[in-house]
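Subject: Handover of a two-chain model

Dear colleague,

Please find the structure below, handed over for your reference. A summary of what was found in it comes after.

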Amino acid sequence: MTVRAAPARPTAPPVPTARRRNRAGRIGVHAFLTAVSLAFLAPLLLAVYASLRPYDETSEHGYFSLPRHLSLDYYRQAFTDSGMMKYFVNTMIIAIPGVLVTLFLASFVAFAVARLRMRGGLVLLMLFTAGNLLPQQVIVTPLYVVFNRIPLPYWMSDSMTMFDSYWAVVAVQIGFQIGFCVFVLANFMRTLPQEILEAAVVDGAGVWTQYWRITLPLCRPALAALGTLQFTWMYNDFLWALVFVSDGDKLPITSALNNLRGQFFTDYNLLAAGSVIVALPTIVVFLLLQRHFIAGLTLGAGKG
Amino acid sequence: MSLIPARRTGRRAARRFTGRDLAVLGVLLGIPVLLDAAIVWGPTLASVMLSFTGWDGVGDIKWVGTQNYENLFTNYPQFWPAARHNLLWLAFLGLVAAPFGLLLAVLIDRGVRFSRFYQSTLYMPVVLSLAVVGFIAQLVFSRDQGALNAVIGDTGSPTDWLGDPDLNIWMVLLAAAWRHTGYVMILYLAGLKAVDPSLKEAAAIDGAGEAQTFFRIVLPTLRPVNVIVGVITVIESLRAFDIVYAVNHGRNGLELLSVLVTDNIIGEASRIGFGSAIAVVMLLVSLGFVVTYLVQEIRGEKNR
């Protein structure tokens with residue numbers, strides 16, 4: 001039996017065995033990655049699903065039941081009753097100037113540090129970088145006190161102080177995020193050929209021309225990456241507005257999400273709709289600009 | 001900070017800044033430096049000073065020496081649980097989420113098909129606001145309506161995942177890890193792409209197994225990424241705030257140092273000196289890591 005069976009089922013040569021094991025391994029990897037991906041997506045999908053169903057239905061049958069009634073009512077409610085649109089505008093008032101000013105100031109500091117070879121440039125770079133790594137709570141207290149004492153004219157802030165105004169939040173966002181951008185942009189600018197700048201200097205270009213006309217256009221990829229990243233970070237920020245804004249109408253959308261929760265009763269489906277509304281812009285930005293987004297994070301990390 | 005360019009070589013000595021150049025440098029370096037000083041470093045120093053005073057934000061600033069610190073360590077029951085939670089946060093992100101992110105990066109980097117899909121999906125939570133993560137956690141873990149209890153069919157005596165002070169920190173950590181894993185994965189993916197493939201080939205020719213190649217060859221070359229991941233993990237653990245604040249304002253088992261600071265300054269008590277002392281403890285912990293990181297950066301800078 002064994003003698004006859006041998007030719008019928010020849011032992012596989014070593015290479016196919018290895019390949020078969022390899023294929024089994026690859027299927028295992030796919031199974032694992034798919035499982036993890038689904039697990040990572042599940043909470044988001046759950047939020048979307050829950051937001052489409054009325055409270056009575058989910059409270060009776062739980063979130064894991066077949067839908068009897070799907071509607072966008074909660075989104076309408078979030079926009080009309082809870083004024084999510086207003087908060088969204090508030091966020092833009094903070095994030096758009098925040099990102100633009102941060103990139104402008106940080107790119108100049110990075111230019112000076114990385115391209116002009118000034119004495120003390122390294123110290124400057126370290127101060128900015130380290131500043132971004134401090135815990136926010138360390139700076140929150142004095143800023144809270146100081147902002148309460150800085151008077152602003154009515155046309156700038158209806159609270160008449162820097163506290164409870166967009167100025168405070170924007171200033172802190174810029175001051176805090178500048179460090180990260182300086183760090184990333186300085187690293188990026190070092191990779192640019194110095195010869196271009198030297199040629200410009202020979203042609204008599206001043207510092208501003210070297211920065212604005214020669215260096216910045218070459219930094220477009222890094223600026224796009226940082227812009228994407230910084231917009232998401234400022235959009236997502238929760239703490240600054242929570243501490244520096246007391247008027248509920250001025251809150252940005254992330255901090256305003258708390259308002260969807262009632263004092264005594266929380267309609268989790270409404271909260272789910274709110275979470276989806278808040279998350280959607282960042283997810284869309286991420287999906288559209290994924291390349292920039294990842295570049296922004298890794299530009300800073302890829303060097304060392 | 002000297003604005004005079006270092007005159008190291010003869011060629012550079014010829015390059016002088018004109019008056020206009022100095023004005024541009026003065027304004028465009030001055031503004032970010034002043035902003036960084038006013039928003040980050042000034043308040044940091046002020047926090048250190050305030051931590052030695054007993055100040056309620058209105059009356060006179062009274063010097064009390066180290067009394068705040070003594071009270072903090074011996075007489076403030078929330079402090080040690082909060083510090084423990086921050087440590088737990090660090091351990092969980094550092095020992096569970098970060099290695100998991102590394103594992104995912106290694107698997108995706110092997111060039112499996114659909115790697116783009118896996119990468120995007122696993123990274124998606126990173127773009128979400130931590131506050132949104134906190135709200136989504138409530139959808140999953142809420143006692144009566146949460147998805148988790150629905151999945152495990154626990155209807156008789158449902159577990160209150162976020163209400164039980166012994167359990168909730170773990171659930172919040174899971175939510176935090178959901179976000180941290182993707183972040184770490186992206187950083188390692190970028191690092192792995194930069195690893196010279198000939199290193200791996202050489203190791204394979206010398207008969208090194210896959211695991212051996214990874215731990216002996218690949219991981220050491222990822223050192224800069226390891227440092228960045230370490231710094232980010234420490235900073236994230238110290239800064240942790242948004243998730244617990246979104247869940248229950250950081251009470252009942254979810255106390256964190258950051259929450260204690262916020263409570264002490266914007267709470268009714270307004271114990272600014274005391275809140276600052278907590279912030280200084282956070283500052284000291286973070287400075288240890290930041291300085292280590294910067295020293296490494298400076299070394300890299302000199303080798304460039």
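The notes that follow cover the conventions, the two chains, their contact and a few individual residues.

Residues are numbered from 1 along each chain as its sequence is written, while chains are lettered from A and ligands are numbered from 1 in the order in which they are written. Please note that this is a predicted model, in which local features need pLDDT of at least 70 and side-chain atom pairs count only at pLDDT 80 or more, whereas totals for chains, interfaces and linings use all residues.

The two chains

Chain A has 15 helices and zero strands; helices (H or I, at least four residues) and strands (E, at least two) are DSSP runs, numbered from the N terminus. Of the 304 residues in chain A, 46% are buried. A residue is called buried if 20 or more other C-beta atoms lie within 10 Å of its own, exposed if 12 or fewer do, and partly exposed in between, with C-beta atoms placed from the backbone. Among the contacts in chain A with a separation of 6 or more, 72% are between residues 24 or more positions apart; two residues are in contact if their C-beta atoms, placed from the backbone, lie within 7 Å.

Chain B contains 14 helices and two strands. Its radius of gyration is 25 Å, well over the 19 Å that the globule rule gives for 304 residues, so chain B is more spread out than a compact globule. That radius is taken over C-alpha atoms, and the globule rule is 2.2 Å times the number of residues to the power 0.38. Along the principal axes, the C-alpha atoms of chain B fill a box of roughly 80 × 70 × 35 Å. Buried residues account for 42% of the 304 residues in chain B. Of the contacts in chain B between residues at least 6 apart in sequence, 65% join residues at least 24 apart.

Chain B is divided into domain 1 (1-41) and domain 2 (79-254), with bounds that come from an automatic or database domain assignment. The centres of these two domains of chain B, taken over C-alpha atoms, are separated by 42 Å.

The contact between the chains

Chain A contributes 84 residues to the contact and chain B contributes 87. On the side of chain A that touches chain B, the largest share, 13 residues, comes from helix α2 (residues 14-51) of chain A. The residues on that side of chain A comprise 57 nonpolar, 23 polar and four charged. Here Ala, Val, Leu, Ile, Met, Phe, Trp, Tyr, Cys and Pro count as nonpolar, Asp, Glu, Lys and Arg as charged, and the others, Gly among them, as polar.

Two helices of chain A pack against helix α2 of chain B. The axes of α8 (residues 166-190) of chain A and α2 (residues 19-50) of chain B come within 9 Å and cross at roughly 110°. Axes are lines fitted to C-alpha atoms, for helices over the stretch in contact, and angles run from 0 to 180 degrees between N-to-C directions. The helices α8(A) and α2(B) are therefore roughly perpendicular, a term that applies from 65 to 115 degrees, with under 35 counted as roughly parallel, over 145 as roughly antiparallel and the rest as oblique. Residues of α8(A) in this contact include A:Ile174 and A:Phe176, and those of α2(B) include B:Leu35 and B:Asp36. By class, this contact of α8(A) with α2(B) has ten nonpolar, two polar and one charged residues.

For α7(A) and α2(B), the axes are 7 Å apart and the packing angle is about 85°, which makes α7(A) roughly perpendicular to α2(B). Among the residues that make this contact are A:Pro142 and A:Leu143 of α7(A), with B:Pro43 and B:Leu50 of α2(B). The contact of α7(A) with α2(B) divides into nine nonpolar, three polar and no charged residues.

Individual residues

A:Asp164 has a positive phi of about 65° although it is not a glycine. A:Asp164 sits in the loop between α7 (136-149) and α8 of chain A and is buried, with 20 other C-beta atoms within 10 Å.

A:Gln177 lies in helix α8 of chain A and is buried, with 24 other C-beta atoms within 10 Å. Leaving aside neighbours within four places in sequence, A:Gln177 is in contact with A:Thr102, A:Asn132, A:Gln230 and A:Trp233.

Yours sincerely
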